[in-house]
Every structure is written in C-alpha cells, then in structure tokens.
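Please open the structure in your viewer and keep the selection tool at hand. The tour moves from one selection to the next and says what can be found at each stop.

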Amino acid sequence: MPNGLEIIQRALEDFAKVQRRMLLAKKENATETYADLKKEYKTLKALLNVSGVNLTEIDEIKE
C-alpha cells in the first residue's frame, strides 16, 4: 500500500502530465479535450492543495 509521499509524488506527476496535455489541447483548439482535461486538473489540484503542496511554481495553467 502506498504511503502519503508516494501518493503525492504520483499526483504531482499526473498534474504535470495533465497540464502538458491541456496546453497542447489549447494550442490545437481542441475545446472538448481541454474541458475534459480541466476536470482532472481541478481534481488533482484540490488533492495537492489539501496535501499541503505549494503549486505556485508548478501550476502553468493557473485556473
């Protein structure tokens, strides 16, 4: 069973991946894809905030 740090690390990796895909979707004007990714982005952002992670430097989307 993963410990707290492993969960946070996985969430950070997923957060970075979702942000990269959101930026690509925005560039390609893929509005439905962007909207779908935004839901996952918000979930991961909430999880990381509750975990005490400061997203100031790593949040490229800022939504």
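Predicted model: local features only at pLDDT ≥ 70, side-chain atom pairs only at ≥ 80, totals over all residues.

Residues are numbered from 1 along each chain as its sequence is written, and side-chain values use heavy atoms, with hydrogens and water left out.

Select Asn3, which lies in the segment before α1; helices here are DSSP runs of H or I with at least four residues, numbered from the N terminus. Asn3 has a relative accessible area of 41% and is therefore partly exposed, a term for values between buried (under 20%) and exposed (over 50%), found with a 1.4 Å probe on protein chains only. The side chain of Asn3 reaches the backbone nitrogen of Leu5 at 3.0 Å.

Next, select Gly4, which is placed in helix α1 (residues 4-27) and counts as partly exposed because its relative accessibility is 44%. Show Ser51 as well: its C-alpha is 8.8 Å from that of Gly4, although the two are 47 residues apart along the chain.

Which residues form an aromatic pair that is stacked? Select Phe15 and Tyr41, whose ring centres are 5.4 Å apart with 20° between the planes; rings of Phe, Tyr and Trp (its six-membered ring) pair if their centres lie within 6.5 Å, and planes under 30 degrees apart count as stacked. Phe15 sits in helix α1 and Tyr41 in helix α2 (residues 31-50), 26 residues apart, so the pair links distant parts of the chain. Both Phe15 and Tyr41 are buried.

Methods. Helix = DSSP H or I, 4+ residues; strand = E, 2+ residues; numbered from the N terminus. Phe/Tyr/Trp six-rings, centres within 6.5 Å; stacked < 30°, edge-to-face > 60°. Polar contact = N/O pair within 3.5 Å; in protein donor to acceptor, adjacent residues only side chain to side chain.
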